[in-house]
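Welcome! Take a moment to look over the sequence and the 3D structure, and then we can walk through them together.

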Amino acid sequence: MKELSTEARRQILDSIRTVPDFPKPGIEFKDITTLLGKPEIFDLLMDHLEARYEGYDLDYVAGIDARGFIFGSILADRLNVGFVPVRKKGKLPYTTVSEKYSLEYGFDEVEIHIDAFGHNGCQSNGKTSRVLLIDDLIATGGTAVAASRLINRIGATCVEACFIIELTFLNGKEGISAPVYSVLT
Ligand code: AMP
């Protein structure tokens, strides 16, 4: 199922709840917990992602804290590749590399273990690790840009960034140097 049918796309879209004014007034929060609670829809989505990425010769899937962990770890398991968490600052126990990004007010920071994709981002045979970045949603793109930079900074290649939902009016994908695939826009 490389291309999603119109019906499948509609089913996935309908399974995601929109919560107005969360976490603050004016934000329409896309709540994927309602999708996760429907096994047949969740499976439909994961089947689609598995079919899309099985030919990409990936070495890792990197998921963004925290909802990217859900989709990313299942996809990594299905593709039989490693899963790597990109975490909010202060959560990872070993040596990390971090990247700051701007929020509406102030900044936030994401981190990754320095050896997450092998020594200097390479596999034991010297091949540069190929990494898919995944998160539930891209809004302004700040988080995903920082995460994709981290992947490249530690020597691996971010071959694509994947999102279940893209809020296209915010042009978030502009700053990501890798190709971007969004299931729903
Ligand atoms: P951004 O860095 O602006 O692209 O924000 C992306 C991150 O914030 C993702 O990890 C999303 O889970 C979360 N996020 C931002 N806006 C929303 C929204 N409207 N609904 C749900 N999650 C959101």
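The report below covers the nonpolar cores and then the ligand.

## The largest core

Keep in mind that this model is predicted. Its largest nonpolar core is made of 30 residues. Inside that core, the residues with the most contacts are Ile-12, Leu-49, Tyr-53 and Leu-75. Several elements supply two or more residues each: the helices α1 (6-15), α3 (39-53) and α4 (67-79), together with the strands β7 (130-138), β8 (157-166) and β9 (180-184). The top contributor is α3, which gives 7 residues.

Leaving aside residues up to four places away in sequence, Tyr-53 touches Leu-58, Leu-75, Leu-79, Leu-132, Glu-160, Cys-162 and Tyr-181.

Another core lies apart from the largest one and has 27 residues. Among them are Val-84, Ala-144, Leu-150 and Ile-154.

## Around the ligand

Now turn to the ligand, which is surrounded by 14 residues. The closest of these are Arg-67, Asp-136, Thr-140, Gly-141 and Thr-143.

In the side chain of Thr-140, an N or O atom is 2.6 Å from an oxygen atom of the ligand. Asp-135 also has a polar side-chain atom 2.8 Å from a ligand oxygen atom. With Glu-28, a polar backbone atom is 3.0 Å from a nitrogen atom of the ligand. On its own, the ligand has 490 Å² of accessible area, and the protein covers 82% of that.

How values were computed: Residues numbered from 1 in each chain as written. Predicted model: local features only at pLDDT ≥ 70, side-chain atom pairs only at ≥ 80, totals over all residues. Heavy atoms only, no water. Core = buried A, V, L, I, M, F, W, Y, C linked by side-chain atoms within 4.5 Å. Buried < 20%, exposed > 50% of the residue type's maximum accessible area, 1.4 Å probe, protein only. Helix = DSSP H or I, 4+ residues; strand = E, 2+ residues; numbered from the N terminus. Contact = heavy atoms within 4.5 Å. Near = heavy atom within 4 Å. Polar contact = N/O pair within 3.5 Å; in protein donor to acceptor, adjacent residues only side chain to side chain. Areas by Shrake-Rupley, 256 points an atom, 1.4 Å probe, with all protein chains shown as cover.
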